[in-house]
Amino acid sequence: EPRPEGGEEGEEGAVEPVAREVGDDDPVPLDEMCWVVMDAWFEQFDACKMQLKKLFQENDVDHDEVLEITEFIALLKTTPMRIRQHDAINMFHELAGPDDTMDEDEFSELLTFYK
């Protein structure tokens, strides 16, 4: 849905923001501010997903496109996250599901699991 008075349609229907001067006494419309905040949030979210993808690929030692529990625990040790071993095991089982391995989609759920 196009932005009212705040953007122009670009490639593939994406709405691009239009820069405008804002003076000290010129309030920014709430809808424009929401777009700015949401754009920043999605940009950060995409950056986190890319970091997780890289982390996953670097720690998939046998290159079978899934992490076993040993690979997952080794991965956690390379991050600043300080998680006790039994909590890491519980997290793995929560994310991995019944096949006892964690694919890239399951691994990406760390964004919502670990806040």
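These are my notebook entries on one protein chain, looked up in a predicted model.

**Entry 1: confidence**

The mean pLDDT of the protein chain is 81, and 75% of the residues reach 70 or more. Which elements sit at the two ends of the scale? Strand β1 (residues 7–9) has the lowest mean pLDDT, 52, while strand β3 (residues 66–67) has the highest, 95. I also looked at residues 1–6, where pLDDT stays under 50. For that stretch I noted 12 contacts in the model beyond four places in sequence.

**Entry 2: the overall layout**

Next I went through the elements. I found five helices and four strands in the protein chain. Reading from the N terminus, I wrote down their order as β-β-α-β-α-α-β-α-α.

Then I checked how much of the chain is covered. Of its 115 residues, 24% are buried. The chain exposes about 8800 Å², and 54% of that comes from carbon and sulfur atoms. I looked up contacts too: among those between residues at least 6 apart in sequence, 37% join residues at least 24 apart.

**Entry 3: a nonpolar patch**

Which residues form a nonpolar patch on the surface? I got V28, L30, M33, V36 and V37, and together they have about 470 Å² of accessible area. V28 lies in the loop between β2 (15–17) and α1 (30–59). Its relative accessibility is 42%, so V28 counts as partly exposed, since that value falls between the 20% and 50% cut-offs.

**Entry 4: two residues with positive phi**

I looked at the loop between α1 and β3, where I found H63 and also E65. What is phi for H63? I noted a value near 55 degrees, which is positive even though H63 is a residue other than glycine. E65 isn't a glycine either, and its phi is positive at about 65 degrees.

**Entry 5: H86**

My last stop was H86, which I found in helix α3 (residues 85–96). H86 counts as partly exposed because its relative accessibility is 45%. Which side chain does H86 meet in a polar contact? It's that of D87, and the contact is 3.3 Å.

Key: Residues numbered from 1 in each chain as written. Predicted model: local features only at pLDDT ≥ 70, side-chain atom pairs only at ≥ 80, totals over all residues. Heavy atoms only, no water. Buried < 20%, exposed > 50% of the residue type's maximum accessible area, 1.4 Å probe, protein only. Polar contact = N/O pair within 3.5 Å; in protein donor to acceptor, adjacent residues only side chain to side chain. Patch = residues over 30% accessible without salt bridge, like charges linked within 9 Å, V, L, I, M, F, W, Y side chains within 5 Å. Areas by Shrake-Rupley, 256 points an atom, 1.4 Å probe, with all protein chains shown as cover. Salt bridge = Lys/Arg side-chain N within 4 Å of Asp/Glu carboxyl O. pLDDT = per-residue confidence, 0-100. Contact = heavy atoms within 4.5 Å.
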